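Keep the structure open as you read.

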Amino acid sequence: MPNGTAAPEDREKLLERAMSRYQYAGDALIEILHTAQDLYGYLSPALLQHIARRLRLPPSRVLGVATFYHLFSLEPKREHSVVVCLGTACYVVGALRLVETLKHSCAGRTGPNGGVSAQIARCIGACGLAPVAICDGSVMGRVTPESLSRELERFGAA
Amino acid sequence: MTVDELADRAQAEAARQAALQNRIYCCAAAGCTASGSPGVRHAIAGEIGRRGLAGKVEVCGTGCLGLCRRGPLVFSAADRRLYGNAVPEQAGAMVEQDHELPGAISLDDPFFARQQRIVLENSGRVDPERLTDYLAAEGYRALAKGLTQMTPREVVEDVKRSGLRGRGGAGYPTGIKWELVARQIPERKFVICNADEGDPGAFMDRSVLEGDPHRVLEGMAIAGYAVGAQQGYIYVRGEYGLPIERLETAIRQAEREHLLGGRILETGFQFRIDLRIGAGAFVCGEETALIASIEGKRGQPRQRPPYPPERGLWDSPTLINNVETFANIPPIIRNGGDWFASIGMEGSTGTKVFALAGKIANTGLVEVPMGTSLRTILFEIGGGIPGGRFKAAQTGGPSGGCIPEEFVDIPVGYESLARIGSIMGSGGLIVMDDSSCMVDIARYFMEFCMDESCGKCIPCRAGTVQMHDILRRITRGEAGEDDLGMLHELAGLLRETSLCGLGQSAPNPVLSTLRYFPAEYEAHIRDRRCPAGQCRFEALEEAAV
């Protein structure tokens with residue numbers, strides 16, 4: 001399921017169904033958090049409270065797990081996302097230049113109210129195509145600062 | 001499905017494929033998918049339909065064909081031609097087997113000729129999304145043999161005889177681990193497949209899961225039978241979308257045909273496999289952290305012993321092996337442990353899959369017998385370094401080291417790499433030429449470990465920060481002579497006192513670069529100069545202005 005696209009009235013039902021499938025077991029916390037993030041796009045404090053209550057876990061445990069793992073986001077999703085891979089293979093073929101391009105082109109748009117989320121990944125396992133970037137979910141191989149700029153300009157227009 | 005039905009199904013599918021005029025395989029691994037292979041596959045399917053060849057010519061996906069740099073790759077089975085950089089416009093010519101079509105890659109190229117494929121034997125032969133393809137390639141035959149012709153003890157003995165060692169990096173003998181778990185008294189036991197491939201620069205496990213998921217399931221089921229477990233988990237990185245999808249499909253198919261679940265192959269053996277999706281924490285590749293994560297907790301390691309074979313998941317005896325280790329099991333059981341032991345070298349048997357990346361002509365996935373020299377892997381198979389001079393090969397990711405040119409002729413094995421200060425690791429092999437600064441590479445890996453330290457033990461939590469700070473100052477020309485001594489001291493401290501492998505091995509890239517490239521460190525510190533021309537001494541430049 002694409003991130004955060006479930007209809008609001010269905011979300012609660014779908015999340016409840018997922019929790020009941022795991023019989024509200026605390027062991028399934030990570031699976032439940034994955035499902036919740038898929039449904040809502042991110043894990044808000046209220047959502048974490050709700051999950052803690054339903055799984056009968058201390059809220060501190062739920063927050064502890066949600067903040068430990070990089071893939072869980074506690075902030076709302078932005079309209080666009082760019083991920084530049086800084087795995088070793090990408091690093092040795094010049095991915096740092098892409099990070100600079102990103103900083104330069106997205107200045108002012110990655111802040112708390114900006115429309116772009118810019119992130120760095122630690123290897124996405126597509127090293128044969130290094131350097132790699134992911135723009136709005138699609139993987140681009142052998143990226144140059146120029147090709148990345150072109151992609152980012154598209155974001156600017158949107 | 002019974003054992004007899006399994007053989008019948010395999011035979012029928014093999015006969016069906018043999019009757020085809022041609023079968024065209026499009027690489028469906030992540031690399032080629034990103035380069036546009038789905039479009040090529042779609043176009044080929046269209047051309048087949050347009051020519052009325054449906055049922056005579058078939059197009060399907062397949063696992064990683066290896067030469068990722070030339071993707072998308074298409075393999076035409078009837079005329080045994082491999083096309084690189086394929087585009088949809090060439091689809092018609094491929095269906096026609098038009099040999100004038102440019103872009104063909106010779107299969108006699110050393111890239112292919114020098115490889116020996118066991119783990120990747122089904123690349124270019126099996127569609128990862130079709131169970132019958134896997135059956136036709138002798139799939140689940142090893143499980144059938146184990147269940148009907150061997151006792152669990154005999155399976156363990158065969159794995160021991162094979163000499164197979166853990167492919168995740170540490171190289172613990174697989175058969176001995178199986179025996180440890182098999183010997184445990186409690187009835188509830190677990191088998192876990194560690195698919196949390198996190199080393200930057202490594203994509204072997206990803207390719208195996210994407211290209212041949214049933215092979216991993218079969219290996220795990222055999223392990224379950226051998227050690228007496230009824231439940232298995234595959235812990236996959238959350239970042240690996242495509243492997244997760246393929247595994248979900250494969251598990252569903254295998255359950256439907258009674259190759260997993262209750263009454264496997266109509267015998268009394270039952271074994272279920274569930275997926276657990278990681279959420280982005282490198283430390284979860286460590287076995288006790290991985291177990292904590294499956295239990296729904298923060299992925300923090302705990303003290304060992306007790307080791308997981310005694311007390312693992314939910315305190316039950318647990319067998320944990322890596323993806324590539326499980327992928328080696330079906331051929332070992334099919335052909336016998338002695339067959340496997342005859343491949344490779346003394347102490348390191350079988351083959352190893354390496355992911356070639358960095359400054360090398362043929363980036364991609366290769367499988368070679370253990371004992372092959374780095375020179376063969378890098379210069380014959382890998383095609384050498386385009387436009388530069390070889391400086392070092394990095395193995396083992398953040399836990400490994402950099403191998404300089406003087407050692408490229410040593411045979412690659414667990415002990416031989418350890419002797420020169422690196423490790424086999426999971427198989428990432430990153431090539432660097434003289435434009436890479438070794439101090440900066442050491443800093444890069446230390447930054448990685450610093451970010452990924454789980455924070456439970458102080459040596460790792462604080463030590464990686466301190467080591468990174470020194471390395472950062474060296475790369476900025478702000479360090480003094482005594483910093484090297486401090487770096488050595490901290491390295492020893494982390495190695496001796498960290499709780500888990502992450503902290504214990506974090507100093508390795510630093511120590512190996514200090515050992516083989518001391519002049520680079522000295523140039524940064526004494527002359528405030530980066531021989532590779534990569535580090536920028538900003539502080540110094542500003543002062544000069």
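The points below take the sheets in turn, then the helix. The model is predicted. Strands of a sheet pair through backbone hydrogen bonds, either parallel or antiparallel.

**The five-stranded sheet**
- Chain B has an open sheet of 5 strands, in the order S2-S1-S3-S4-S5.
- Its pairing is mixed.
- Strand S2 (57-62) and strand S5 (104-105) of chain B are the edge strands, and each pairs on one side only.
- Strand S1 (residues 22-27) of chain B runs parallel to S2(B), and 6 bridges join the pair.
- In this pairing, B:Tyr25 has B:Cys60 of S2(B) as its bridge partner.

**The four-stranded sheet**
- Another open sheet in chain B has 4 strands, ordered S8-S7-S6-S9, with parallel pairing.
- Strand S8 (272-277) and strand S9 (318-322) of chain B each have a single partner strand, so one side of each has no neighbour in the sheet.
- From one strand to the next, the twist averages 20°.
- Strand S7 (residues 231-236) of chain B pairs with S8(B) in the parallel sense over 6 bridges.
- B:Tyr235 has B:Arg276 in S8(B) as its bridge partner.

**Helix H19**
- Helix H19 (residues 458-475) of chain B has 18 residues.
- From first C-alpha to last, H19(B) reaches 25 Å, close to the 26 Å expected at 1.5 Å a residue.
- Its buried residues include B:Cys460, B:Met467 and B:Leu471.
- Among the elements covering the buried residues of H19(B) are helix H18 (438-452) and helix H20 (482-497) of chain B.
- Just after H19(B), B:Gly477 has a positive phi of about 70°.

Methods
Residues numbered from 1 in each chain as written. Chains lettered and ligands numbered in written order. Predicted model: local features only at pLDDT ≥ 70, side-chain atom pairs only at ≥ 80, totals over all residues. Pairing = 2+ DSSP bridges. Helix = DSSP H or I, 4+ residues; strand = E, 2+ residues; numbered from the N terminus. Expected span 1.5 Å × (residues − 1). Buried ≥ 20, exposed ≤ 12 C-beta atoms within 10 Å, placed from the backbone. Contact = placed C-beta atoms within 7 Å. Axes fitted to C-alpha atoms, helices over the stretch in contact; angles between N-to-C directions.
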